[in-house]
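Hi everyone, thanks for coming. Today I'd like to walk you through one model and look at how its parts touch. Please have a look at the screen.

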Amino acid sequence: MIEYVCVVFPYVTTILLISTIYAVFALGLNLEWGFTGLINFGHVAFLAIGAYTTAMLNLGGCPLVLSVVGGTVMAGLFGLLLGIPTLRLREDYLAIVTVGFSEVLRFILLNEEWLTRGPFGIYGFDRPFQDVIPCQYYNISLLILFVAILIIVYTSLEKLVHSPWGRVLKSVREDETVPAALGKNVFSYKLQSLAIGSAIAGLAGAMLALYLQYIDPGTFKPVETFYAWIIVILGGTASNKGTIVGALILWTLFSATKFINPYLPFTAHQMGAFRMIMIGLLLMLLMMHKPEGIFGKKEELALSD
Amino acid sequence: MNILSVQNLKKHFGGVRAVDGCSLTIKTGTVMGLIGPNGAGKTTMFNLISGFAKGSGKIIFKGRPTDNLPPYKVAQRGMVRTFQIPHALTKMTVLDNLMLAPKAQAGERIWNVWLRPQSVKTQDIRIKEKSRDVLRFFEIEHLENEYAGALSGGQKKLLEMARAIMIDPSLMLLDEPFAGVNPTLSRKISEYIDELRESGMTFLIIEHDIPAITRISDRITVMNAGKIMTEGTPDEVKQNRDVLNAYLGDEG
């Protein structure tokens, strides 16, 4: 029994750690897409900016807490920078520019070795409570910290989307003409949404760096963006609660497939593909029977008409 | 006093001169009807005046030029418009549609949501009460918690007018408020407009329903092929031979 607990407990902790990071990451996208209708296909870029800025600041001698703040702010600033030229245009342009930006950024991370150590990645930065907490309790402490961060992000977002500010975002999501005719500066609201969503992704990046203790450009492939999309769509577009549940479901599914691994005649590589097929199947079934996602509201679905 | 004065407004799409040198003035507290056959340029006039389209010419609203302002700034000055096809926010409730509108809400700024939650809340309660008053005025208060997507076409028109009033406009541009509305509701809309005009609001109204527009307008401007054909009281316009030929035809 004890042995069983010793094996299962760390395993569950790991799933929860990853899930909280991706929940924060996807909450940023949910603000942009779910509440504002912005199509960001390069969300992973802000995860990368957050992770690299945090790691590099800390390696440069900045205290860990400030490094995390720096990573968050830097990602938000890049969100602003990207939004200024694109958000005045039609929404499809944001999708194109963000996907391009995320790939360009990954190649910069890969090739500018003087700055990022390129493919060798960055490691050796501090861990939270590194000298305070004994090794065997480390992950559980990290989990408590991450859950606390998740709760703060979640409650902040809930407060925002239920405020008059959130009301304007929802009107922008549906029909920009209306808020404009009523005297709202639509561009400014879209920019704020993109910047905050990006900053939240940056925070998730900082969490990822702290958890992995090693980051390299390969960590930030385009597929990470689409994990966030899967999480948001699965949990329910424009539902922050749903986004957290979506992250839990996705990573539980990813991990659970490991248990059926021995019973299937697949190599590790095939298993990876098999997992994605399962996720895809699940999403298709969901879209057919409950297109608004688990916690989404059908009446508020952004793309239904 | 003139609330709106438009001089030599022009807008062309390729070779088509949608609005070709139009001028008009509206006195504060009056209703101006804008009529003309389809394609006369009435909606383009609306788009130009409200900032949704850019052309050339001068637009003076409440003594200040607005021709270079984006639509949201024109709206902030107190000019609001509705659309020919109602733009109800169908994925929001009727009450939220109205509560969206008021100008300069404290809670529209992120830092206020954080730093002054109490004043944001009290203001929001006031806005909610005002929204309910406006819904009562239009007699759709029973719909406040419905998603606007569930409303009928006529109810959507009322919702759009109600929402526009929430910004306390001094000038309202209504694009075909009577189109596709049953006679009872049409009569009610005239009454609402009359009542609002008595409270000091000014209206510019595009309409094809000639009996309705002549009933509520103080003056009527007739457009044809991008130009202003004539302007006068409803009776003068009705008796104008050119107007009869161009537009009113058998209705006159």
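Between domain 1 and domain 2 of chain B, 4 residue pairs are in polar contact, counting pairs where both residues have pLDDT 80 or more. I mention pLDDT because this is a predicted model.

Which elements of domain 1 reach over to domain 2 in chain B? Two helices of chain B, α2 (71–76) and α7 (183–198), each supply at least two residues of the domain 1 side. The top contributor to that side is α7(B), with 4 residues.

Domain 1 of chain B comes in two stretches, 2–87 and 168–251, and domain 2 covers 89–150. Taken over C-alpha atoms, their centres are 28 Å apart. Where they meet, 9 residues of domain 1 are in contact with 6 residues of domain 2. The area buried there is about 650 Å², and carbon and sulfur atoms give 52% of it.

Let's move on to where the two chains meet. Here 30 residues of chain A are in contact with 32 residues of chain B. Together the chains bury about 2,800 Å², with 64% of it on carbon and sulfur atoms.

Keep your eye on A:Arg167, please. This residue forms a salt bridge with B:Asp124, and the closest N and O atoms are 3.1 Å apart. Across the interface of chain A and chain B, the rule finds 2 salt bridges, along with 14 residue pairs in polar contact, both residues at pLDDT 80 or more.

On the chain A side, the elements that give two or more residues are α6 (138–161), α7 (164–174), α8 (177–181) and α9 (186–212). Of these, α7(A) gives the most, with 7 residues. By class, the chain A side has 12 nonpolar, 8 polar and 10 charged residues.

That's my tour, and I'm happy to take questions!

Technical notes. Residues numbered from 1 in each chain as written. Chains lettered and ligands numbered in written order. Predicted model: local features only at pLDDT ≥ 70, side-chain atom pairs only at ≥ 80, totals over all residues. Heavy atoms only, no water. Contact = heavy atoms within 4.5 Å. Buried area = accessible area lost by both parts, 1.4 Å probe. Salt bridge = Lys/Arg side-chain N within 4 Å of Asp/Glu carboxyl O. Polar contact = N/O pair within 3.5 Å; in protein donor to acceptor, adjacent residues only side chain to side chain. Nonpolar A, V, L, I, M, F, W, Y, C, P; charged D, E, K, R; others polar. Domains from an automatic or database assignment.
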